[in-house]
Amino acid sequence: MYPLQLYLVVGTVQDLTPGVYGYHPDRHHLVLIQRSDRRNLLASAAFGQDWLANAAAIVVFAADYNRTTRKYGESGKRYVHMKAGHAGQNLFLQAGALDLITVIVGDFDDEEIANVLGLPVQEQSLILMPIGRKQ
Ligand SMILES: Cc1cc2nc3c(=O)[nH]c(=O)nc-3n(C[C@H](O)[C@H](O)[C@H](O)COP(=O)(O)O)c2cc1C
């Protein structure tokens, strides 16, 4: 029933080819989905928040509501949002522990994000979290 699906939009990360990766929690690994730097396109999809393209990488939290609502009905939507919020907070904590910095971005066009990432139709993007070094 775990509803979240995480994507990593990589630009300048040591040992990672720029591109879009899917995160697979069962094996704790990344799978390269698209081999091109999509940060600019993602920034455009976030209504031209161009500063997003300066992040080394951007984590995209998406969810498939059906995985949770098929058991819990309407309440399942609330659980998905709770999970996304908690997972996002964990990313804040992990970034802090690594002396990196991140922020929550929720102002974006759903359809454009789906196009840039090639999201399956059942997945809804919920949060973007750009990650970079403190200046
Ligand atoms: C749900 C949510 C969505 C947000 N979306 C955006 C956004 O799209 N763009 C943005 O610049 N800040 C957005 N913010 C605000 C930032 O995440 C952040 O709180 C703000 O920039 C202040 O950051 P600071 O306290 O580190 O200075 C959002 C905040 C929340 C809680």
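The largest nonpolar core of this predicted model comprises 20 residues, a core being a set of buried Ala, Val, Leu, Ile, Met, Phe, Trp, Tyr and Cys residues joined through side-chain atoms within 4.5 Å. Buried denotes under 20% relative accessible area and exposed over 50%, with partly exposed in between (1.4 Å probe, protein chains only). The most contacts inside this core are made by Val 9, Leu 42, Ile 58, Val 60, Ile 113, Leu 117 and Leu 128. At least two core residues come from each of strand 1 (4-10), helix 1 (39-45), strand 4 (57-63) and helix 4 (110-117); helices (H or I, at least four residues) and strands (E, at least two) are DSSP runs numbered from the N terminus. A second, separate core has 15 residues, including Ala 57 and Ile 127.

Asp 15 lies in the loop between strand 1 and strand 2 (19-24). Its phi is positive, about 70 degrees, although it is not a glycine, and Asp 15 is exposed at 75% relative accessible area.

Around the ligand are Gln 49, Trp 51, Val 103, Ile 104, Val 105, Gly 106 and Asp 107, each with a heavy atom within 4 Å of it. A backbone N or O atom of Ile 104 is 2.6 Å from a ligand oxygen atom, and one of Gly 106 is 2.9 Å from a ligand nitrogen atom.

Residues are numbered from 1 along each chain as its sequence is written, and side-chain values use heavy atoms, without hydrogens and water. Local features require pLDDT of at least 70 and side-chain atom pairs pLDDT 80 or more, whereas totals for chains, interfaces and linings use all residues.

Methods. A polar contact is a pair of N or O atoms within 3.5 Å; within protein, one must be able to donate a hydrogen and the other to accept it, and residues adjacent in sequence count only if both atoms are side-chain atoms.
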